[in-house]
Amino acid sequence: MTLYDADTVDACSWPETPQARLARDYFVPVMKRGSTAFLSDRTTLRLVAMDDLRIPLAINEAEYGNSPLHSLWVRYIGLPVQAVTAEAYGAARAVVMRGAMRTLGSMLKAARIDKAVYVDHWLVLRNLSVSLDEAQVERLTAFLVERFPGHAIVFPAINPANASPLLNTLAARDYGFLYGSHTRMTLPTQDVSRQVRENRRRDGRLLEAAGYRIVDGRELPDCAPRLRELYRSLNADKYHSTLDFTEEFFAWTLREGIFQYWLAVKDGRVDGFYATHVSDDTVWSPLFGYDLSLPQDLGLYRGLVHRLMQDALEVGLTIELGPGADPFKSLRGSQPVPRWTAYYVKHLSGFRQYAWRTLQRYVNGGVRPAANAMLKKIDGDAAVGFGPLTLPFTPPTGQTPREAARAMREQVDALEAQLESAARLEGEARLRALSPLSQTLHNWPQPMPRVVALRERLTRLEREARRKPEQAVAPATVSPEVQARQLLQDATRWGYTTLIAANLGEVAAPHLKALVEALRRELAGIVGVVLLATRGDKVVLATIASDALRSVGMDAGQLMAQAAPCVEGKGGGSPEVAWGGGSRADGIEAALSATRRFVESRLGNWTPSGGVG
């Protein structure tokens, strides 16, 4: 095991691993120049070579003026004291709380709480937790204790969604744990509600509607000064963060491709940006900023967050959005996840060990429950893992991001194979094979390009298999009465239930109204009708429920509710007849499939004696 500093790191060998390459290309240049060449925090950077691992270290002595990135005192005392205001807690209570926190802070300073070696610390990057077995943890801990006998050994901000094995390994080697903070994640396999999908759809239109283009940062190589300005506008002015990055940091990470930058550009001006980095099948944004002077109704923040989420979800990866704006992120399907800081202090004096135990009781017994209560109000049962610390650690997201990415690839591969198999069938046999695929693809939680392509092919296959006279444009010589009888003759039947679901093509308004009236006169028994027609680039919908259909609990409004969202429309009317409109003609086949599935699931097994099956 070897410890390298700025003067000796050139002698380090570099295994052909992603972790080693990132350490060489990203961490070592910062180590050589010193942290303050790139960021406002002052820390000493070192690199440990162990086996085929290259592990970054950040070594602090007593830098209480740093940001929470490099100061436990600032994270747990400095910033929280500033947040305890008379407006938030009441004057008397705020005085008591600030006094108690400052008393604890004085003890922590006396115990040199910030005299620590941060292990596996990648500065602004996350989800790079090194994979260590128990023997490696024991060797590394012993090595660091020998080299830094007066320092606590700290693994900061470990995410159990990605790194539960590391947390459990550290627990087995006598590390203690502090609740660090929370972050927010969305896995590609995560089910989302219709409301979440609608929120995302609205956010997806904002940037284009406001006249913005999303541009690869490499197209504007001289944008570093503007990026730093936007970052400071958000983080220093709005969130009062003490962490700052130099203009050189933005220029270097952009030029060398350390991060991928995406810029919101309008009239040649950059008004917002985000940077991304991918590790462990998770997309993380280390830097984000936008112009706070612009009107909020432009939706710049919402649009940028939407694009950031899509960057990950469209390729089947997890997106981590970090903390802040929790209600907004929750309504976009983001789940809170705790982070834990592991520490080892058995080699320190009794007083310093006592200070660490006191900090642990304060954080895990006070800060964590408050965070849990806050997140429960926002996320309800989705706030998992914020209860009292229990071992072993497990991913609060159910799957790890790596497992989710693999499962997503396997699911799409399987759908592709099933679609190929169904394409070799004809007519009703093809429709039966496509029916479960249609439901899966049209309810897919994330808009992946592969899934969109499969959905479009499924629609074409359904259209080919259903080519019937009622799907053509009604000839002018066919009266509404004749067409109504033809539609009823070709309807789908499940026992006692009949459904007319048809794409009429381009139909004039008077003909469609006359056809609806003709069908109402012809209906007998448990019959539902869903008609979709086009009028230019718009979609017109009409649904009918017979008296018998309404008597078993289904009406025209329910049929409309199944069909309209597929064409991005809406409608309404009486329980017997409803009318609606939409804007997406390419969703007509999906609308017909949705209503068929709905009626079949509700009434497919209906019998006079058994009711709805």
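Predicted model: local features only at pLDDT ≥ 70, side-chain atom pairs only at ≥ 80, totals over all residues.
Trainee: How do α2 and α12 pack: roughly parallel, roughly perpendicular or oblique?

Mentor: Helix α2 spans residues 72–83 and helix α12 spans residues 350–379. Their axes are 12 Å apart and meet at an angle of about 50°. Roughly parallel needs an angle under 35 degrees and roughly perpendicular one of 65 to 115. The angle of about 50° therefore makes α2, relative to α12, oblique.

Trainee: Which residues of α12 does α2 meet, and how many charged residues does the contact have?

Mentor: From α2 come Leu72, Tyr76 and Ile77, which meet Trp356, Leu359, Tyr362 and Val363 in α12. By class, the contact of α2 with α12 has 7 nonpolar residues and no polar ones. The number of charged residues is likewise none.

Trainee: What is the handedness of the crossing of α4 and α12?

Mentor: Helix α4, residues 91–110, packs on α12 at an angle of about 145°, with the axes 9 Å apart. The crossing of α4 and α12 is left-handed.

Trainee: How many polar residues are in the contact of α4 with α12?

Mentor: On the α4 side the contact is made by Met101, Leu104, Met107, Leu108 and Ala110. On the α12 side are Phe351, Tyr354, Ala355, Thr358, Leu359 and Tyr362. By class, 10 of the contact residues are nonpolar and none is charged, while the number of polar residues is 1.

Trainee: Is Glu256 buried, partly exposed or exposed?

Mentor: Glu256 lies in the loop between α9 (247–255) and β8 (260–266). Its relative accessibility is 48%. Buried requires under 20% and exposed over 50%, so Glu256 counts as partly exposed.

Trainee: What distance separates the C-alpha atoms of Glu256 and Asp271?

Mentor: Along the chain, Glu256 and Asp271 are 15 residues apart. Between their C-alpha atoms the separation is 23 Å.

Note on methods: Residues numbered from 1 in each chain as written. Heavy atoms only, no water. Axes fitted to C-alpha atoms, helices over the stretch in contact; angles between N-to-C directions. Helix = DSSP H or I, 4+ residues; strand = E, 2+ residues; numbered from the N terminus. Parallel < 35°, antiparallel > 145°, perpendicular 65-115°, else oblique. Contact = heavy atoms within 4.5 Å. Nonpolar A, V, L, I, M, F, W, Y, C, P; charged D, E, K, R; others polar. Buried < 20%, exposed > 50% of the residue type's maximum accessible area, 1.4 Å probe, protein only. Left-handed = near helix turned anticlockwise from the far one by under 90°.
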